[in-house]
Amino acid sequence: MARPLRIEFEGAVYHVTSRGNARSDIYLTDDDREMFLAVLAHVVDRFGWICHAYCLMSNHFHLMIETPRSNLSRGMRQLNGIYTQRFNRTHGRVGHVFQGRFKSIVVDKDAYLLELSRYIVRNPVAAGMVKDAGDWPWSSYQATAGAVSTPAFLDTGWLLSRFGNDSETARAAYVAFVRDEQMVSPWDQLNGPDILGDDLFRGRLQVAGSGETVGIPKRKQLLRHLPLSEIAQPDRERSDWIREAYREHGYTMQEIATYCGLHHSTVSRIIKSADENARNKS
């Protein structure tokens, strides 16, 4: 049976989770967690994601990701794939680290992002691992609260803006918000298996019988990547379409190299040079 299509469109916000194969731990040491965050930073940069919150547990992780481009699946393929390779190499293992496909829920940002961000960083508290969210170093809480420096891949701006314009006041209000024991579970508001939002929000996302997504322009509908043969038009500079294939459509360097008959290191140099040219023009 075919897998159901994920809802992917430009500007979507997701709660993403992925669990260890057979419920096994996906982090055996703190070095593993550092390694995962390094891979996450790479993926956020490459795919242009906005990471609002995260929490690394023992046998799973939680991410709050916003995708300015409709590329969640491509990015998650990179995140879980690269981490699996490095984890297995580090620990002398083979095989799957994660259990099946990752799970993603589309979130109504304005209505539920705050509650969900609190849920994410309170996971270690709910699991009895720590007494306070600030005691767990492997989530976005400490950075958002201002206790540690903010990693480059984490964007705390939107969350803190919900609590005020002054950063010190906003962070204090955020801390109080997370510590509130009377929190309402966001999962009580699920509207189907993969949507967190009311009927109006669901209506904008609902896949109609025609195959189009109601309320979302065609270019923002379910992920449909252009084939490389369409990106690599004869009248285009090779460096331009290679950069677009990598940056905009999520093709790997190896996929591009195979298509072009080049070594992947050559493709890497082309992309770096094209990135530099783009920065100089901006």
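Leaving aside its neighbours within four places in sequence, which residues is L79 in contact with? Select L79 and you will find F36, V39, L40, V43, F61 and L63 in contact with it, where contact means heavy atoms within 4.5 Å. This is a predicted model, in which local features need pLDDT of at least 70, side-chain atom pairs count only at pLDDT 80 or more, and totals for chains, interfaces and linings use all residues. Residues are numbered from 1 along each chain as its sequence is written, and side-chain values use heavy atoms, with hydrogens and water left out.

Next, select F61, L63, M76 and L79 together, which have the most contacts inside the largest nonpolar core, a set of 67 residues. Such a core joins buried Ala, Val, Leu, Ile, Met, Phe, Trp, Tyr and Cys residues through side-chain atoms within 4.5 Å. Helix 1 (residues 30-47) gives the largest share of this core, 8 residues.

Now show helix 1 with helix 2 (residues 72-91), whose axes lie 9 Å apart at an angle of about 150 degrees; the two helices are therefore roughly antiparallel, a term for angles over 145 degrees. Among the residues that meet here are F36 and V43 in helix 1, and L79 and I82 in helix 2.

Finally, select S18 in strand 1 (residues 12-19), which counts as buried because its relative accessibility is 2%, buried meaning under 20% relative accessible area with a 1.4 Å probe, protein chains only. The residues in contact with S18 include I26, F98 and F102.

Methods: Buried means under 20% relative accessible area, exposed over 50%, partly exposed in between (1.4 Å probe, protein chains only). Helices (H or I, at least four residues) and strands (E, at least two) are DSSP runs, numbered from the N terminus. Axes are lines fitted to C-alpha atoms, for helices over the stretch in contact, and angles run from 0 to 180 degrees between N-to-C directions. Angles under 35 degrees count as roughly parallel, over 145 as roughly antiparallel, 65 to 115 as roughly perpendicular and the rest as oblique.
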